[in-house]
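Subject: Structure handover

Hello,

Here is the structure for your files. Please open it first, then read the notes below.

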Amino acid sequence: MNILITGGAGFIGSHVVRRFVKEYPGYHIYNLDALTYAGNLENLRDVEHQDNYTFLKGDILDAKFLEEIFEKYQFDGVIHLAAESHVDRSISDPLAFVRTNIIGTVNLLNIARDHWKDKKANKRFYHISTDEVYGSLGEDGLFTEKTPYDPNSPYSASKASSDHFVRAYGETYGLPYVITNCSNNYGPNHFPEKLIPLFINNIIENKPLPVYGDGKYTRDWLFVKDHAAAIDLVFHKGKNHETYNIGGFNEWQNIDLVKLLCKLMDQKLNRNEGTSSKLITYVKDRPGHDLRYAIDASKINKELGWSPSVTFEQGLEQTIEWYLNNQEWLEHVTSGDYQEYYDQMYK
Ligand code: NAD
Ligand code: DAU
């Protein structure tokens, strides 16, 4: 099989690429990535010389380029992760999200539809999406696959739109697709604009930890390697034209998570207990901030037998270890444009 993975140089994409390259030596994995600020080939140093791996630098907005690579490599499957992924950036530049997340996805759908027209059997377009399309939960309840879409941020609206297009191509053109909607991921290689890696980096540097609003917002956290395992399973065993929710069964209010992170970081850095939590600073809230996300992952659990393999404490520990052992990676990604972004967001 020739498999196209888009966004493979990003956080989740790099874990998916690594897993597929290592687990399936009989497949050839093509990683298509535009290398935006979030794409980083350092994430894949350990697999870049494998015979069954090829990196293709390109933009999913470039339909001609997509046409050329589909013609040349005759892909059997697409796992589509390329996206603008950060909610705060979507608030300052929504059009970037419309372009990549909606138009980029439709470009890919068009090419897959045309190339697979007479040979749909055994082809698969796998669209990776988010639980944010469902909007916000109150104190109770969980998102199921039947929860109506109700996105609140430009990011989640763009992802919701892309999900609708994928489904529509299935209905209208018979494109064989599958979609998964996953909760918040964390783990190695996470770009330090998102809560956990940003706070790890700030603790290392003794910088304030900017908690939005009252810190009582709730997210359901999943270790990234468990998400990659779920993607592997759905790609191979999921049913066509189905959606599966993926989550960690692991809800945390931001402030409790931040306090746990501070405690673990104090231990790892041999600092007195309570040192890092002094950095906690409550700042202006994110506009349109969703109160609570929590996934009901019983469908993927019952139908495909997936469940997370690590506890949050184990995953967080591995994550912290990775950042402390990869400070060069952190230095590379926080130099240059990152400083400008950071100053605009937090000063
Ligand atoms: P990321 O921002 O770390 O990586 C995105 C990758 O896409 C980068 O390598 C970037 O260079 C590439 N990219 C961006 N625009 C592109 C374009 N126009 N053409 C080609 N490549 C482009 O994102 P992530 O956190 O790894 O998320 C990956 C996917 O998973 C996204 O679709 C996101 O919506 C979804 N998702 C993320 C999470 C999470 O918690 N991070 C949870 C659920 C779903
Ligand atoms: O739920 C899945 C989604 O999770 C993915 O689709 C997104 O791509 C991913 O970025 C993530 O979105 P969130 O907005 O939930 O993640 P983020 O890490 O930005 O924020 C997590 C929580 O922490 C949220 O309630 C906002 C809060 N926060 C975040 C930052 C960056 C802070 O309090 N301070 C911060 O500086």
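Helices (H or I, at least four residues) and strands (E, at least two) are DSSP runs, numbered from the N terminus.

The model is predicted: local features need pLDDT of at least 70, side-chain atom pairs count only at pLDDT 80 or more, and totals for chains, interfaces and linings use all residues. Residues are numbered from 1 along each chain as its sequence is written, chains are lettered from A and ligands numbered from 1 in the order in which they are written, and side-chain values use heavy atoms, leaving out hydrogens and water.

**Helix α8**

Just after α8, Asn270 takes a positive phi of about 55°.

**Ligand 1**

The shell here holds residues with a heavy atom within 4 Å of the ligand. Around ligand 1 there are 28 residues, and the closest are Ile12, Asp33, Ser85, Tyr155 and Lys159. Strand β5 (124-130) gives the most to this shell, three residues. Helices α1 (11-23) and α5 (154-173) and strand β7 (184-186) each supply at least two.

Now the polar contacts (N or O atom pairs within 3.5 Å). The side chain of Lys159 has an N or O atom 2.7 Å from an oxygen atom of ligand 1. A polar side-chain atom of Asp59 is 2.8 Å from a nitrogen atom of ligand 1. The protein covers 96% of the 830 Å² of accessible area (Shrake-Rupley, 1.4 Å probe) that ligand 1 has on its own.

**Ligand 2**

Which residues come nearest to ligand 2? They are Thr130, Asp131, Tyr155, Arg286 and Tyr346, out of 25 around it. The side chain of Glu132 places an N or O atom 2.7 Å from an oxygen atom of ligand 2. Pro210 has a backbone N or O atom 2.7 Å from a nitrogen atom of ligand 2. Alone, ligand 2 exposes 690 Å², and the protein buries 94% of that. Helix α6 (195-204) and strand β8 (209-212) are the elements giving two or more residues to its shell.

Best wishes

Notes
A polar contact is a pair of N or O atoms within 3.5 Å; within protein, one must be able to donate a hydrogen and the other to accept it, and residues adjacent in sequence count only if both atoms are side-chain atoms.
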